[in-house]
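Hi,

Here is the structure I said I would pass on. Have a look first, and my notes follow below.

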Amino acid sequence: MRKKLLGLTVAAMALIAGAVHAEDKKVTIGVSIPAADHGWTSGVVYHAERVAKLLMERNPGLNVIVKTSPDPASQANAVQDLETQGIDALVILPTDPDPLVNAIKEVKGKGTFVALVDRAPSTNDNSVRDLYVAGNNFALGQTAGEYIKTTTPDAEVVVIRGMAIPIDQQRQDGFDKGIEGSGVKILDRQYGNWNRDDAFKVMQDYLTKYQKIDVVWCQDDDMAVGVLQAIEQAGRTDIQYVVAGAGSKDMIKKVMDGDKMIPVDVLYPPAMVGTALEMTVANFYGQVPVRGVYTIDATLVTKDNAKDFYFPDSPF
C-alpha cells in the first residue's frame, strides 16, 4: 500500500534475497496479528497475506503461516499453536502487548527469531524481540500537534485517544510536545479505542459538553469517520477541522480534494507488517543478520503530496 515508504526496504531486501531466491532452504515463519476489526487492522491482514504470498513464491523452501486473533487471550493461544508447528521465526503485531509478553518470551527463549511490529510492551528490548518494526508514534502525535500549533495557535482542542497501551501514550506525549509554547488549550481527552463507533459516542459527548470546539485530534482515520458523522448529525459549524492519522485511502482522498474538515493526515501505514516479514525472511535467506529497530517516519500528508500516498485499490 505505502510503496513510497516501503520502497527502500523492499529494494534492499530484494538485493539481499535475490542472489539466493531459488534456494530450497526450509524455513517456517509464523505471523500473528489482530483480526480485521477496523480499517487499519484490515490493512494489516491484507499486507501480511500479500507479502507472505510474494515471499513464498520467491523462496521455494519458505512456509509462512498467518493467524489472526481478536484479543490477547486468543492471540496467546495462536502463538502457542504456531510454536507447536515448529516455526523458525515469529512476526507478531500484538492486540495488546503487555498481556502477551510471556507468550512472546517463551517463544524467543527457545531460540526462535522474533520480530515485533507496532505495539511494543512496556519493556521493549532484546529479551522480548530480535527486531522491532514500527511507525514513529511520538512523531505521529508531534506532527499533528505542530500542524495545529501553526495553523490555529489558540485553538480549543478535544482529543480522542486510542487504547490504554504504551503507543497511545507515546502519541499523547508527542502531541503535547508539538503544541508546546502555543495558546492551544486541551478541553478533554477520552478513549475511542481506534473504533469509529466508539469515537462517534465520544464526539457526541464532547459536542454536548462543549459549546465551542475549534479542532479535533483523533490520531486515527477510522475514528475520524465517527467524529465527522457526529459533527454532521449535530449540525455544529464551530469545528474548523479534524486531524487524524494512518493514511487510509478515504482520508487521503479527502485531503486531495481539499476537504476543509480533513486538510491533512499523518501516515502510519499498516504495510509495516510486510516490512517486518521481508526483513525476517532476509535474516534467513540473505546471509545477513537482521537485528535492532526499524522506524517508519510520520509524514504529514497535505494537498500538495497526497497523490503520492493514494492507492484506491487498497482495502484501507
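Which β-α-β unit do β1, helix α2 and β2 make, right-handed or left-handed? β1, helix α2 (residues 39-58) and β2 make a right-handed one. Right-handed here means that, with the strands pointing away from the viewer, the path from the first strand over the helix to the second runs clockwise. Helices (H or I, at least four residues) and strands (E, at least two) are DSSP runs, numbered from the N terminus.

Some housekeeping before the rest. This is a predicted model, with local features needing pLDDT of at least 70 and side-chain atom pairs counting only at pLDDT 80 or more, while totals for chains, interfaces and linings use all residues. Residues are numbered from 1 along each chain as its sequence is written, and side-chain values use heavy atoms, with hydrogens and water left out.

Back to the sheet. Strand β1 (residues 27-34) has 8 of its 8 residues buried, so the rest of the structure largely encloses it. Buried means under 20% relative accessible area, exposed over 50%, and partly exposed in between (1.4 Å probe, protein chains only). β1 pairs in the parallel sense with strand β2 (residues 62-69) over 8 bridges, and Thr28 stands opposite Asn63 in β2. Pairing requires that DSSP finds at least two bridges between two strands. β1 also runs parallel to strand β3 (residues 89-92), joined to it by 4 bridges; there Ile29 has Ala89 as its bridge partner.

Val117 lies in strand β4 and counts as buried at 0% relative accessibility. Leaving aside neighbours within four places in sequence, its contacts (heavy atoms within 4.5 Å) include Val91, Ile92, Tyr132, Met272 and Ala276.

Helix α4 (residues 97-108) has buried residues Pro97, Leu100, Val101, Ala103, Ile104, Val107 and Lys108. The cover over them includes α3 (72-84), β3, β4 (113-117) and α6 (166-178). Helix α7 (residues 196-209) has 14 residues and reaches 20 Å from its first C-alpha to its last, close to the expected 20 Å; the expected span is 1.5 Å times one less than the number of residues. In α7, Ala199, Phe200, Val202, Met203, Tyr206 and Leu207 are buried, and the buried residues pack against β6 (156-161), β7 (185-191), β8 (215-217) and α8 (221-234).

Finally, the charges. The count comes to 16 salt bridges, taking a side-chain nitrogen of Lys or Arg within 4 Å of a carboxyl oxygen of Asp or Glu. In one of them, Arg119 meets Asp118 at 3.6 Å, N to O; Arg119 is buried at 5% relative accessible area, and Asp118 is buried at 2%. Arg236 and Asp238 form another, with the closest N and O atoms 2.7 Å apart, and both residues are buried. The bridge between Glu180 and Lys177 has a distance of 3.4 Å, N to O. Glu180 is partly exposed at 47%, and Lys177 is partly exposed at 41%. Lys108, Asp130 and Arg291 are linked in a network of salt bridges.

Cheers
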